[in-house]
Amino acid sequence: MSDRDFFFALDVSGDPGSDQMLGELTRTVLGQAGYAKSAIEALTGELRTALVERVGDGKRRCEVRFRSEGGQLEIVVSGAGRADWRTTWPLPVS
């Protein structure tokens, strides 16, 4: 396992505080992983869209998973009876 490998998951509700917290968390994680500002904004926007589709009215919950392994970052959003949304990006070369 490299020193950049990690995994964590969050259970997210649709309240406005969750959106702001997850945005800040995502920007921090991606920044620490070495992504450029443009990639951080793109990934944060994609994640926000996936969440809105799954927790839209605040009455549903979903899980967000971040996994960094083998030079790849995978983000998965599961929940609300919808198909998982996922994206995989190569980790920046340090």
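Here is a short walk through the structure, one selection at a time.

Keep in mind that this is a predicted model, where local features need pLDDT of at least 70, side-chain atom pairs count only at pLDDT 80 or more, and totals for chains, interfaces and linings use all residues. Residues are numbered from 1 along each chain as its sequence is written, and side-chain values use heavy atoms, with hydrogens and water left out.

**Stop one: the rings.** Select F6, F8 and F66, which ring pairs link into a cluster. Rings of Phe, Tyr and Trp (its six-membered ring) pair if their centres lie within 6.5 Å, and planes under 30 degrees apart count as stacked, over 60 as edge-to-face and the rest as tilted. F6 and F8 are stacked, at 5.9 Å centre to centre with 25° between the planes. F8 and F66 are stacked too, with centres 4.8 Å apart and planes at 20°. F8 sits in strand β1 (residues 6-13) and F66 in strand β2 (residues 61-69), so this pair ties together parts that are 58 residues apart in sequence. Strands are DSSP runs of E, at least two residues, and helices runs of H or I, at least four, numbered from the N terminus.

Now colour by accessibility: buried means under 20% relative accessible area, exposed over 50%, and partly exposed in between (1.4 Å probe, protein chains only). F66 is buried at 0%, while F6 is partly exposed at 27% and F8 is partly exposed at 24%.

**Stop two: helix α2.** Which residues of α2 are buried? Pick A39, I40, L43, T44, L47, A50, L51, R54 and V55. On the other side of α2, you'll find K37, S38 and V52 exposed.
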